Amino acid sequence: LDELGRRIAAAGGPRAATARTGGTEFLLAVPGGIDAARTLAVSLLARLGEAIDVEHHTGLRVGCSIGIACYPAHGARPLLVAHATMAMRAARQAGGGAHAEFEIQMREDQREQAALARDLRLAIQRNQLVLYYQPKIDAVSLQVTAAEALLRWQHPTRGLVSPAVFIPIAERHGLIGAIGNWVLDEATRQAAKWRDCGLRMRVAINVSGYQMRQDDFIDRLEQALAHHRLQPGRF
């Protein structure tokens with residue numbers, strides 16, 4: 001982070017103001033218009049992508065997403081940082097390693113994301129999450145041998161919401177742990193129900209990388225399996 005900060009400050013030049021605004025986020029304020037900002041963004045992406053040597057580690061590389069907001073084209077001065085942040089997130093969501101310029105639609109998108117995050121916090125207690133089970137069929141016997149649990153959100157006014165929409169929101173707002181635990185509990189409950197009916201097959205779930213990094217993830221998995229008397233090899 002120290003080295004990245006130095007590279008950003010050097011790229012901005014003597015008339016620039018540089019600040020670290022978040023854990024891995026930096027702000028660079030420079031004079032000039034949109035063309036100058038675009039040129040600087042391209043230069044920054046190249047400079048920040050160069051290898052970094054840290055202690056005994058050599059050749060480390062990091063990715064970067066850049067958001068651009070210029071006064072007055074992209075809003076009043078007090079709004080520039082917020083608008084640049086929106087543009088940066090848009091660049092990151094598009095795959096990263098690029099820059100994006102603020103557009104008015106991004107502000108509407110942020111309001112939409114905030115509304116979804118608010119509703120998602122209540123989705124579990126309001127019983128709005130649901131699992132669909134996609135069968136896996138053996139190509140030789142043509143028998144159903146397993147199923148994959150697919151998470152959906154049955155929103156009261158928006159209808160069925162795809163995980164491609166709400167999972168990134170859950171990860172960004174710290175909700176993925178609670179949702180992942182619900183999926184684990186519900187999938188193991190259904191697997192046990194099928195077993196009790198004489199149907200034995202594997203059940204697969206999708207686990208977020210955020211959830212796997214939680215210290216208690218393995219314990220949570222073992223508890224869910226033990227609660228329903230399921231063997232790990234069958235789940």
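## Strand β8 and its partners

K136 stands opposite A146 in β8. Strand β7 (residues 129-137) runs antiparallel to β8, and 9 bridges join the two. Strands here are DSSP E runs of at least two residues, numbered from the N terminus, and two of them pair if DSSP finds at least two bridges between them. In the hairpin of β7 and β8, 6 residues lie between the strands, and L142 has a positive phi near 60°.

With strand β9 (residues 159-161) it pairs in the antiparallel sense over 3 bridges, and W153 has V161 in β9 as its bridge partner. This pair is a hairpin too, with 3 residues between β8 and β9. Strand β10 (residues 202-204) pairs with β8 in the parallel sense, again over 3 bridges; there, E148 is partnered by A204.

## The model

This is a predicted model: local features need pLDDT of at least 70, side-chain atom pairs count only at pLDDT 80 or more, and totals for chains, interfaces and linings use all residues. Residues are numbered from 1 along each chain as its sequence is written, and side-chain values use heavy atoms, leaving out hydrogens and water.

## Cysteines

How many disulfides are there? The count is 0, a disulfide being a pair of cysteine sulfur atoms within 2.5 Å. The sulfur of C70 is 16 Å from the closest cysteine sulfur, in C64, which is too far for a bond.

C64 counts as buried because its relative accessibility is 19%, and C70 is buried at 10%. Buried means under 20% relative accessible area, exposed over 50%, and partly exposed in between (1.4 Å probe, protein chains only).

Technical notes
Helix = DSSP H or I, 4+ residues; strand = E, 2+ residues; numbered from the N terminus.
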